[in-house]
Amino acid sequence: MKLHYSEAFYSVQGEGKFVGVPSVFLRTFGCNFRCQNFGLPRDREKSRYNPEVEELIKRQVHETTEKFEDLPIIHTGCDTYASIYPEFRHLNMQKSVDEVVEHLISLLPEGKWTMDNGQDIHLIMTGGEPLLAWQRLYVELFEHPKMQDLKNVTFETNTTQHLHEDFVNYLNTQNRFEVTWSCSPKLSVSGEPWDTAIKPDVAREYSTVNGSDLYLKFVVADQNDVDEVGRAVNAYREAGVECPVYLMPMGGRSEEYSLNVQEVANLCMERGWRFTPRLHISLFGNAWGT
Ligand code: SF4
């Protein structure tokens, strides 16, 4: 089995608990969701594609673009559309674990996860949804000889996928690296229905992995979303998941992002939730590889 991934890059973590930490990102291909409604009217009639993606496909951009990083950026729906829609699959890479590790190592400033000055580079498993079937390759990935000095791994997940038995057994017995579950369940603003998006039992399962840390992170645009966060957080708490809650303003472009950034910060102060910026938008704008 080979790992299908869109891109791997070195940047600073832009969101959540580890904002600002130098990190290598591995963006796996595929997602069980489409989140096509971000930035669009709530009552919009849903179709198979986000309208911007539909337009790209109509213009055959997926066939005429040669490299993943040359694909246009879109401003509504899932911001990593080329990591989820099968039409863009051929622009993604398919590599053995050895090849993936070589790629990751080539991105590190000193070719190793722990630098001579004692600082370590984090690995962020993102997507798409990184906890789909690719889990089957993760033990081999983390046990690779060139991954032995890795100290910190974050899974950025939509928190709908149960852990495979082999993988969870491995995580429960290893103590070489810290594991963080950055859980970002999708609210109705994404276009995904509550019953498939809010899975407290899955979050509970992640939270019971030995020595791991978990937080919830919600993308919000308005008061409706904030009310929904309140309901979701209650559902997670009822399932036994007590953890920090972060709100992150919606917006893939700096213009949209800055529109509601202060409002979200104020709401966080009111409710005792934590605010997370989208640091990469302020630093780099919206671009692949950041
Ligand atoms: S869960 Fe994340 S990767 Fe999947 S469609 Fe939604 S925003 Fe995109």
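## Strands and their pairing

Strand β1 (residues 3–12) and β3 run antiparallel and are joined by three bridges; helices (H or I, at least four residues) and strands (E, at least two) are DSSP runs, numbered from the N terminus. In this pairing, Y5 has M93 in β3 as its bridge partner. Two strands count as paired if DSSP finds at least two bridges between them.

Stepping back, nine strands make up an open, mixed sheet with the order β3-β1-β2-β4-β5-β6-β7-β8-β9. Its edge strands, β3 (93–95) and β9 (274–275), each pair on one side only.

## About the model

You are looking at a predicted model, where local features need pLDDT of at least 70, side-chain atom pairs count only at pLDDT 80 or more, and totals for chains, interfaces and linings use all residues. Residues are numbered from 1 along each chain as its sequence is written, and side-chain values use heavy atoms, with hydrogens and water left out.

## Helices across the sheet

Helix α7 (residues 200–207) lies across β5 (152–157), β6 (178–183) and β7 (213–220), at about 145 degrees to β7. Helix α8 (residues 223–238) lies across β7 and β8 (245–249), and runs at about 155 degrees to β7. Axes here are lines fitted to C-alpha atoms, for helices over the stretch in contact, and angles run from 0 to 180 degrees between N-to-C directions.

Further along, helix α9 (residues 254–271) holds V261. Leaving out residues up to four places away in sequence, V261 touches P249 and F275, where contact means heavy atoms within 4.5 Å.

## Aromatic pairs

Searching the whole structure turns up twelve aromatic pairs. Rings of Phe, Tyr and Trp (its six-membered ring) pair if their centres lie within 6.5 Å; planes under 30 degrees apart count as stacked, over 60 as edge-to-face and the rest as tilted. Y49 and Y85 form a tilted pair, because their ring centres are 5.3 Å apart and their planes are at 40 degrees. Y49 sits in the loop between β2 (22–28) and α1 (51–58), and Y85 in the loop between α2 (61–64) and β3, so the pair ties together parts 36 residues apart in sequence. Both Y49 and Y85 are buried (under 20% relative accessible area, with exposed over 50% and partly exposed in between; 1.4 Å probe, protein chains only).

F142 and F155 make an edge-to-face pair, 6.3 Å centre to centre with 90 degrees between the planes. F142 belongs to helix α4 (residues 135–143) and F155 to strand β5; both F142 and F155 are buried. Ring pairs also link these two with Y138, F167, F177, W181 and Y206 into a cluster.
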